[in-house]
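Visitor: Hello! Could you show me how to read this structure, one feature at a time?

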Amino acid sequence: MAEKSPDPSGSNARRCLAISPGERLLPSGSGLPKWVRLNVGGTYFLTTRQTLCRDPKSFLYRLCQADPDLDSDKDETGAYLIDRDPTYFGPVLNYLRHGKLVLNRGLAEEGVLEEAEFYNITSLIKLVKDKIRERDCKMAQLPVKHVYRVLQCQEEELTQMVSTMSDGWKFEQLVSIGSSYNYGNEDQAEFLCVVSKELHNQSYGTNSEPSEKAKRMASRQSIENAHC
């Protein structure tokens, strides 16, 4: 949990409790405080040394053991400075507290994986990778949705519009609607071009717009029709 209270450590500071083989490396009576204050990307977190010692191979374990080979700085409050995203550090810290991965809405598993790999928390890395595989497997089984667009264009624009379609759009059908208006001194044939796009596990409307060039052509055609 992020916090703003002062460091509660005092004269009765204790070492972290022996809950893993790695933690037994901490000598009795070492004088290290029970509570540890972290400044992660400008956000303060207060936790116990016992929590940070869950994984003896992790960066956080080395940090709370005051590893001389680990170059760690502290701010003016005595908090360890860690230049990482505090948004994703919260789930990492909670995992060390209770062994479960809990993500708030809007957070991605990939973001937690990045932090877990940075802190070298091996069990969390495996857990997140398993969840990503499970999520992707479920999404792959969902039916593919399609969105369709009908674009109106002139004959001289048709080849260019079809050849410049991008972002997953593909040509489906071409319907001639004749030459109902005069453009300059020549009659211009008009067409309706039907295009489609697959939306893999997305909501309708997400990244479902035709290319800018196709939209400009359709917009210009609509203006010309309005003037006829």
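**A guided look**

Guide: Let's begin with the surface: the protein has an accessible surface of about 13600 Å², and carbon and sulfur atoms hold 50% of it. Such areas come from the Shrake-Rupley method with a 1.4 Å probe. This is a predicted model, where local features need pLDDT of at least 70 and side-chain atom pairs pLDDT 80 or more, while totals for chains, interfaces and linings use all residues. Residues are numbered from 1 along each chain, and side-chain values use heavy atoms, leaving out hydrogens and water.

Visitor: How many helices and strands are in the protein?

Guide: Helices are DSSP runs of H or I with at least four residues, and strands are runs of E with at least two, numbered from the N terminus. Here there are seven helices and eight strands.

Visitor: How do α4 and α5 cross?

Guide: Axes are lines fitted to C-alpha atoms, over the stretch in contact for helices, and angles run from 0 to 180 degrees between N-to-C directions. The axes of α4 (residues 109-119) and α5 (residues 122-140) come within 9 Å and cross at roughly 160°. Angles over 145 degrees count as roughly antiparallel, so α4 and α5 are roughly antiparallel to each other.

Visitor: Which residues in α4 and α5 meet?

Guide: Contact means heavy atoms within 4.5 Å. E109, E110, V112, L113, A116 and E117 of α4 meet L124, I125, V128, K129, I132 and R135 of α5.

Visitor: Is K57 buried or exposed?

Guide: Buried means under 20% relative accessible area, exposed over 50%, and partly exposed in between (1.4 Å probe, protein chains only). K57 counts as exposed because its relative accessibility is 62%. K57 sits in the loop between α1 (49-52) and α2 (59-64).

Key. Angles under 35 degrees count as roughly parallel, over 145 as roughly antiparallel, 65 to 115 as roughly perpendicular and the rest as oblique.
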